[in-house]
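Trainee: Can we go through this structure together? I'd like to know what sits behind each term we use for it.
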Protein chains: 2
Amino acid sequence: MIRFHNCKILDDNFDIIENNELWVENNTIKYIGEAKDSLFEREIDCKGNLLMPGFKNAHTHSPMTFLRSYADDLPLDRWLNEMIFPMEAKLTEDDAYYLSMLAAAEFVSGGITSAFDMYFYPNAIAEAAKTTGFRTTLCGAVNNFTSSPEELEKDFEKYNCCCDTVTFRLGFHGEYTTDISILKDIASLSHKYKAPVSAHCSETEKEVDQCIQRHGKSPVELFCDLGISDFGGSLFHCVHLSERDIAILKEKDITVVTNPASNCKLASGIAPLSRLDKAGVRLAIGTDGPASNNALSMFREMYLATALQKIQTKDASALVPEKVLEMACRNGAYAMSSNNDCLKEGKLADIIMIDMDKPNMQPVNNIVKNIVYSGGNENIALTMVNGKILYEKGNFFIGEDIERLYKKCAQITERIKKESNN
Amino acid sequence: MIRFHNCKILDDNFDIIENNELWVENNTIKYIGEAKDSLFEREIDCKGNLLMPGFKNAHTHSPMTFLRSYADDLPLDRWLNEMIFPMEAKLTEDDAYYLSMLAAAEFVSGGITSAFDMYFYPNAIAEAAKTTGFRTTLCGAVNNFTSSPEELEKDFEKYNCCCDTVTFRLGFHGEYTTDISILKDIASLSHKYKAPVSAHCSETEKEVDQCIQRHGKSPVELFCDLGISDFGGSLFHCVHLSERDIAILKEKDITVVTNPASNCKLASGIAPLSRLDKAGVRLAIGTDGPASNNALSMFREMYLATALQKIQTKDASALVPEKVLEMACRNGAYAMSSNNDCLKEGKLADIIMIDMDKPNMQPVNNIVKNIVYSGGNENIALTMVNGKILYEKGNFFIGEDIERLYKKCAQITERIKKESNN
């Protein structure tokens with residue numbers, strides 16, 4: 001059992017509990033309360049710092065770390081077709097394994113304890129999760145070019161019982177890359193398993209316009225009409241939505257996962273989070289992949305989520321930090337159906353320690369506002385996933401030497417550049 | 001003499017020099033070149049990491065650290081009148097000294113080596129700069145309520161020769177807080193000393209509208225017509241500009257200092273940086289004060305500067321990272337007239353070391369893009385100002401124990417809250 005003491009604890013209502021301690025047994029929070037005697041493997045003096053639930057990265061593409069700072073300053077369609085796809089064509093499953101581990105290292109160093117991860121090598125990501133101990137919910141990535149509804153079903157059955165830090169959700173890439181017949185098959189799968197379905201949706205104006213041209217309706221309407229959304233699910237980006245779309249998202253209990261940094265960087269626009277929030281739609285936050293962000297930092301995303309809403313609505317009170325933290329911690333857990341949404345006895349031990357002992361957190365007028373408005377990766381003192389410490393004070397415990405991992409990923413990147421003649 | 005070796009060096013063109021070393025003697029860069037023999041006080045093995053010029057924070061209000069996370073989610077006018085002013089009324093010069101040191105700690109931990117600092121206790125900031133060793137250009141803050149043109153002139157003469165890390169520039173708060181008679185006196189001072197003048201300008205739509213109502217012209221036009229801009233200077237924020245304003249800014253060789261995080265947080269809008277850049281106006285970047293941001297991180301500002309331009313122009317190629325880094329390093333130095341704009345022999349030794357050995361910087365496809373698109377304070381391994389190391393691997397060397405400083409600033413904040421009945 002691990003004992004955290006001399007800590008502040010962020011409770012379920014985002015209030016701060018003082019003078020309590022938190023114990024972890026195996027992968028679970030065993031006890032939160034006043035000090036009492038027990039036997040511990042390890043006792044961690046938090047020195048007054050804050051324990052809180054880890055951030056949930058509700059949309060990413062981990063293996064794309066090799067494309068960081070490789071294809072920048074281009075709009076989404078040119079970025080994908082001219083730069084990303086030719087490089088991805090040379091990526092092997094073995095490459096994706098190492099590149100996913102690099103992402104996991106970045107995640108845990110920034111207080112992210114789980115990710116909803118969509119890529120065409122689910123096995124590589126699952127193996128990386130097993131090696132590192134990082135919690136991963138794989139998202140199906142079916143489209144016209146990779147995978148199929150049959151493979152999706154196989155993956156669904158395989159990865160939902162492969163290990164206790166990996167799960168799998170039905171999913172496809174997006175409307176603009178997936179034929180209607182495939183979408184119909186995915187809807188059938190969803191009904192067969194009563195399972196939610198996730199996908200990219202309404203990221204750019206062009207995507208929505210072309211969907212309307214093709215099908216006479218928006219992507220959200222199309223997914224709804226095909227029965228894809230009957231068991232909920234998550235839709236990623238959702239930048240360009242009609243009022244009708246928003247009503248459907250609420251009615252179908254869909255989680256909208258916003259990716260503000262990516263939407264800025266690819267000039268896609270600002271998602272209407274305040275409107276969605278007012279309509280009662282559940283919101284979560286993701287970093288998107290490292291090629292379109294380019295960091296994998298939930299601090300960045302949290303700040304952007306609220307800052308861009310203030311710009312969009314011309315209202316400085318839009319999307320307050322308490323709401324943003326709920327998106328980043330609790331709603332992301334919902335999107336991945338994980339029992340790690342808050343710090344409570346019986347919850348999974350996905351815990352981070354926020355180092356308040358840095359100038360950007362001083363003075364402490366309001367801890368939640370400090371985290372959202374001035375926090376950064378430098379404030380992550382410790383990251384625990386499933387009861388195991390994967391990151392502590394700059395050191396990684398992810399089943400692979402970090403320097404060797406950097407070197408391996410650099411080699412992979414150089415080889416792919418050479419092979420794709422870029 | 002201090003020797004940095006085994007480093008990459010970002011040169012004047014933002015190209016990377018490999019296999020060179022950099023020597024610092026007293027407060028100056030003495031040598032950049034191949035290894036050769038000499039005697040050194042200290043030799044620093046950079047382990048392949050990057051040396052680059054420090055970031056220049058071209059607009060801030062350091063003593064406002066006590067208001068971090070205190071007054072959030074309000075528009076500028078209510079934020080100022082209801083929350084900020086009543087608290088500031090209780091602030092003493094001694095308080096401002098400690099609070100400025102806290103800002104300096106945050107600056108150096110984020111790779112900022114100098115700041116253009118506007119506040120009504122210049123002496124407190126100057127003393128904090130002397131204690132910490134941080135480089136500060138004070139900016140006059142005259143308005144109807146504090147200081148006067150006479151005091152401004154005294155400050156100008158006093159602080160431009162008080163020590164080698166402190167300078168002073170003529171300045172006033174802004175049009176909306178300063179009567180025309182005072183503005184005229186400041187114009188006369190500017191002409192007397194042939195000195196540039198700096199001020200807040202066109203931050204909100206309301207400010208511009210009210211200026212037009214009062215004077216029949218925009219703040220930029222008014223300053224120009226009064227002769228305030230005849231020797232250049234810096235204007236802070238510049239969110240709401242007409243084409244005529246932009247032409248004047250170019251003609252008068254004024255540096256526009258953008259504060260994107262603050263402009264988001266107070267819902268002021270997005271400054272038209274791409275339009276300004278195309279018109280040939282010099283751009284620099286500032287964090288603004290910690291009450292309106294709330295971090296003091298140039299990494300955040302750099303990312304926002306480019307990300308918001310991509311949103312505003314709907315063009316993913318807007319304001320590329322190379323341009324942003326020029327704003328953050330070179331143009332900020334110009335705004336403060338400091339000889340620290342790049343790493344070259346004879347330049348002031350205001351140097352930072354970027355830790356590339358973190359997941360967010362891997363792989364290294366492009367160092368400049370990595371810094372702007374995925375960098376964060378966690379990548380600052382070392383910060384040197386005026387030849388002295390003020391921050392290294394998490395440790396501060398700022399003439400005051402950091403824990404004692406946090407405690408002191410917390411006490412000040414609590415006292416002021418009590419006194420202002422907030």
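Predicted model: local features only at pLDDT ≥ 70, side-chain atom pairs only at ≥ 80, totals over all residues.

Trainee: What makes a residue of chain A count as buried, and what percentage of the 422 residues are?

Mentor: A residue needs 20 or more other C-beta atoms within 10 Å of its own. In chain A, 64% of the residues pass that test.

Trainee: Which residues go into domain 1 and which into domain 2 of chain A?

Mentor: Domain 1 takes 2-53 plus 341-396, while domain 2 is 56-335. Their centres are 28 Å apart, taken over C-alpha atoms. Across the boundary, 22 residues of domain 1 are in contact with 26 of domain 2. On the domain 1 side, H13(A) gives the largest share, 5 residues. That side divides into 13 nonpolar, 5 polar and 4 charged residues.

Trainee: Why are E6 and E13 of chain A said to stand at the edges?

Mentor: The open sheet has 8 strands in the order E6-E7-E8-E9-E10-E11-E12-E13, with parallel pairing. Strands E6 (55-60) and E13 (282-285) each have a single partner strand, so one side of each is left without a neighbour in the sheet. From one strand to the next, the twist averages 25°.

Trainee: What makes E7 and E8 of chain A a pair?

Mentor: A pair takes at least two bridges. E7 and E8 of chain A are joined by 5 and run parallel, so they qualify. In one of the bridges, A:Ala115 is partnered with A:Thr136 in E8(A). Helix H12 (residues 321-335) packs on this sheet, touching E6, E7, E11, E12 and E13 of chain A. The direction of H12 makes about 105° with that of E13(A).

Trainee: How many residues of chain B are in contact with chain A?

Mentor: 50 residues of chain B, against 50 of chain A. On the chain B side, H11(B) gives the most, with 5 residues. The chain B side divides into 23 nonpolar, 15 polar and 12 charged residues.

Notes: Residues numbered from 1 in each chain as written. Chains lettered and ligands numbered in written order. Domains from an automatic or database assignment. Contact = placed C-beta atoms within 7 Å. Helix = DSSP H or I, 4+ residues; strand = E, 2+ residues; numbered from the N terminus. Nonpolar A, V, L, I, M, F, W, Y, C, P; charged D, E, K, R; others polar. Buried ≥ 20, exposed ≤ 12 C-beta atoms within 10 Å, placed from the backbone. Axes fitted to C-alpha atoms, helices over the stretch in contact; angles between N-to-C directions.
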